[in-house]
Amino acid sequence: MTVNVVAIDGPVGSGKSTVARALAERLGWSFLDTGAMYRAVTVRAIDDGIAIEDESAVTAIADRAVIDTVPRVVINGVDVEDRIRTDEVNQGVSIVATYQGVRQAMVRQQRSFALRQPHGTVVEGRDITTVVFPDAKLKVFLTASAEERTRRRGDEDAESVLRRDEIDSAREHSPLRHADDATMVDTTAKTVDEVVLEILKCLKPTL
Ligand code: DC
């Protein structure tokens, strides 16, 4: 049985969040930014004075975490929305996301979120098409040229963007890779609307 989910993966700056949010709006579905969840755990670890390299302490935080991402990113009742995209978090989050226990805790929450939604959910991240919702109605892998991706992440330096991609793609647990049956969309020279329409066209026969 397929779940009422459109799963979107792709590297930093490929347009995942913008496209997923716009698509959810078009469909009247919910939207889940799973990167924000890993970021929230990272903020919490920093606040608790835990070293990012301390896998068991970071995993304990993820196990206890209750995270909301809509309308704002909140972890255990604390609003961290304005703090999840700092340089410190950009650097720490790709380490936090390598920990298997952290990933298991996040995947549990992501699946339970989608099951609670009244219509459907557009979910974006790195392992959504391969691990979290391999049975999604539609799986999409977004790409864009490295130049365009670093341009889109204007507030993060190019080296940091590419380093994060490298860690996300090379890690042992749930690395970023495209599912064999994912629809590939290159967003480099396209508007958000064009990408959304392309995805809607693929989704239509499944609805
Ligand atoms: O999408 P983003 O840049 O906000 O993601 C932040 C980090 O979290 C990124 O380095 C990869 C990781 N991540 C992940 O491993 N799995 C996900 N489903 C989403 C994000």
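**Cores, helices and the sheet**

Mentor: The largest nonpolar core has 37 residues, and Val5, Val41, Ile67, Val102, Met106 and Phe133 are those with the most contacts inside it. This is a predicted model, in which local features need pLDDT of at least 70 and side-chain atom pairs count only at pLDDT 80 or more, while totals for chains, interfaces and linings use all residues. Residues are numbered from 1 along each chain as its sequence is written, and side-chain values use heavy atoms, with hydrogens and water left out.

Trainee: What makes a set of residues a nonpolar core?
Mentor: Its members are buried Ala, Val, Leu, Ile, Met, Phe, Trp, Tyr and Cys residues joined through side-chain atoms within 4.5 Å. Buried means under 20% relative accessible area, exposed over 50%, and partly exposed in between (1.4 Å probe, protein chains only).

Trainee: What does Phe133 touch, leaving out residues up to four places away in sequence?
Mentor: Val3, Val5, Ala7, Gln110, Arg111, Ala114, Val123, Ile128 and Lys139. Contact here means heavy atoms within 4.5 Å.

Trainee: Why are α4 and α8 called roughly parallel?
Mentor: The axes of α4 and helix α8 (residues 158-170) come within 9 Å and cross at roughly 10°. Axes are lines fitted to C-alpha atoms, for helices over the stretch in contact, and angles run from 0 to 180 degrees between N-to-C directions. Angles under 35 degrees count as roughly parallel, over 145 as roughly antiparallel, 65 to 115 as roughly perpendicular and the rest as oblique. The two helices are therefore roughly parallel to each other.

Trainee: Which residues of α4 and α8 meet?
Mentor: Asn90, Gln91, Val93, Ser94 and Ile95 in α4 meet Arg163, Arg164, Ile167 and Asp168 in α8.

Trainee: How do you know that strand β6 is mostly covered?
Mentor: In β6 (residues 121-125), five of its five residues are buried. Thr121, Val123 and Gly125 point one way, Val122 and Glu124 the other way, and all are buried.

Trainee: What makes β1 and β6 a pair?
Mentor: Two strands pair if DSSP finds at least two bridges between them. β1 and β6 have five bridges, in the parallel sense, and Asp9 has Gly125 as its bridge partner in β6. Strand β2 (residues 30-33) is joined to β6 by four bridges, also running parallel, with Leu32 opposite Val123.

Trainee: What is the strand order of the open sheet, and which are the edge strands?
Mentor: The order of the five strands is β2-β6-β1-β7-β8, with parallel pairing. β2 and β8 (183-186) are the edge strands, as each pairs on one side only. From one strand to the next, the twist averages 20°.

Trainee: Which strands does α5 touch as it packs on the sheet?
Mentor: α5 touches β1, β2 and β6, and its direction makes about 175° with that of β2. Helix α9 (residues 192-203) packs on the sheet too, touching β1, β7 and β8, at about 150° to the direction of β7.
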